[in-house]
Amino acid sequence: MTKTACRLFDEAERKRAASRFPEAIALFLEAKRLSAQDRELRADCAFSLGDAYRMTGEFARAVRCYKEAEKLSLALDSEMRSFDALVGLGLTLRAMGDFKEAAVIFNRCMRWYKKSGDKAGIAFTLWARAGALRIKGDLAGAIKGFKEAKAMFAKLSDKSGAGYCLTGLGGASRVAGRPGDSFKYYTGANKVFRGLKDTFGVAYSYCGIANSLRMKGDFKASLAYFKKAASNYRKIGDRVSYAYTLWGEGSGFQMLGRDRDALGDFKEARRLFKETGDKRGLLYCMISISQLMFKVEQEKASALISGALRAAKKLGLKTEEGYARSVIKAMKKGGDALPLNLA
């Protein structure tokens with residue numbers, strides 16, 4: 001029984017490494033079922049399931065799996081594995097928009113990794129924490145963190161880790177108003193991921209390139225890259241990243257005056273964000289739809305953007321709060337001041 005479970009687990013890990021997450025999940029679940037008497041293998045299955053669920057936007061399930069992995073690891077006296085599970089939990093909470101709790105977890109894990117001298121753990125947590133700072137709106141802190149993590153990954157000869165730091169730098173630079181830097185970082189990341197045959201990384205960097213082109217005003221070129229990203233995300237079953245791609249594509253359509261196409265993308269993205277519990281993603285859709293709505297129903301548009309502002313303030317999302325305020329200001333100037341090209 002255990003031998004079969006191990007074989008299934010190894011096959012699931014190969015599927016996960018190839019970004020074939022739905023297939024990996026099915027195999028991990030079967031391996032976990034067969035490993036009832038093997039707590040170590042069960043902990044491994046729970047942890048890997050957390051990763052796979054997180055990558056497909058199944059955040060509630062990811063949270064349960066990471067917590068189970070932590071509990072099992074502690075029972076096995078494996079502190080390192082328990083802290084790895086905690087970092088995964090933090091990444092999930094970060095993806096759901098709860099950057100405050102995520103930051104608390106990352107700081108706790110960082111202390112342990114430093115104490116134990118785990119350089120790989122330190123680098124990964126630096127990267128994870130930088131992402132939380134970006135969501136918080138601390139762009140300077142995020143950029144500093146991504147650069148520190150990238151330097152550590154380079155010393156560890158971890159090309160994948162360095163590549164994901166480049167995507168983090170690309171996103172933070174774009175929001176900081178430096179689309180040229182963003183394009184450079186995402187293009188560099190794309191080269192790394194294509195070399196590693198990392199399907200998710202390739203899709204992620206394509207979406208980043210598209211958004212940086214959109215912020216540079218090259219909307220038609222950006223749409224071509226959004227299509228590349230969407231195609232890859234559909235293949236691997238990543239609903240959250242696909243939703244953000246739809247939002248970016250919709251923003252490109254909006255700037256080109258293709259309102260019907262834009263609204264279709266925003267509504268589909270909103271549906272996916274609701275399904276996955278991504279509060280930050282929902283905010284983006286509220287802000288963008290309010291701009292389209294202002295052309296025909298100004299009162300409803302004003303109510304929607306006001307709701308977005310309240311939600312952003314409640315969640316502590318400074319960047320999105322700034323976007324909502326900018327849209328409200330533009331609405332007060334009249335329809336000619338819209339749409340705003342949001343990063």
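**Figure 1. Helix H8 in the predicted model covers residues 139-155.** The helix has 17 residues and reaches 24 Å from its first C-alpha to its last, close to the 24 Å expected at 1.5 Å a residue. Its buried residues are Leu139, Gly141, Ala142, Ile143, Gly145, Phe146, Ala149 and Phe153. An α-helix has 3.6 residues a turn, so residues three or four places apart point the same way. The buried residues of H8 pack against helix H7 (119-136) and helix H9 (159-175). Ser157 follows H8 and has a positive phi, near 55 degrees.

**Figure 2. Trp127 belongs to the largest nonpolar core.** This core holds 106 residues, of which Trp127, Tyr233, Ile287 and Ile305 touch the most other members. With residues up to four places away in sequence left out, Trp127 touches Leu91, Arg94, Phe146, Ala149, Phe153, Tyr164 and Cys165. Among these contacts of Trp127 are Phe146, Ala149 and Phe153, which are also listed as buried in H8.

**Figure 3. Asp77 and Lys197 are two loop residues with positive phi.** Most residues other than glycine have a negative phi. Asp77 is placed in the loop between helix H4 (59-75) and helix H5 (79-95). Lys197 sits in the loop that joins helix H10 (179-196) to helix H11 (199-215). Asp77 counts as exposed because its relative accessibility is 73%, where the cut-off is over 50%. Lys197 has a relative accessible area of 69% and is therefore exposed by that cut-off.

**Figure 4. Leu256 lies in the loop between helices H13 and H14.** Helix H13 spans 239-255 and helix H14 spans 259-276. Leu256 has a relative accessible area of 32%, which lies between the limits of 20% and 50%, so the residue is partly exposed. Not counting residues up to four places away in sequence, Leu256 touches Phe219, Lys220 and Leu223. Gly117 is 139 residues from Leu256 in sequence, and the C-alpha atoms of the two are 52 Å apart in space.

**Figure 5. A cis peptide bond runs from Leu338 to Pro339.** Most peptide bonds are trans. The omega of the Leu338 to Pro339 bond is near 5 degrees. Pro339 is found in the segment after helix H17 (318-333).

Conventions
Residues are numbered from 1 along each chain as its sequence is written. This is a predicted model: local features need pLDDT of at least 70, side-chain atom pairs count only at pLDDT 80 or more; totals for chains, interfaces and linings use all residues. Side-chain values use heavy atoms; hydrogens and water are left out. A nonpolar core is a set of buried Ala, Val, Leu, Ile, Met, Phe, Trp, Tyr and Cys residues joined through side-chain atoms within 4.5 Å. Buried means under 20% relative accessible area, exposed over 50%, partly exposed in between (1.4 Å probe, protein chains only). Contact means heavy atoms within 4.5 Å. Helices (H or I, at least four residues) and strands (E, at least two) are DSSP runs, numbered from the N terminus. The expected span of a helix is 1.5 Å times one less than its number of residues.
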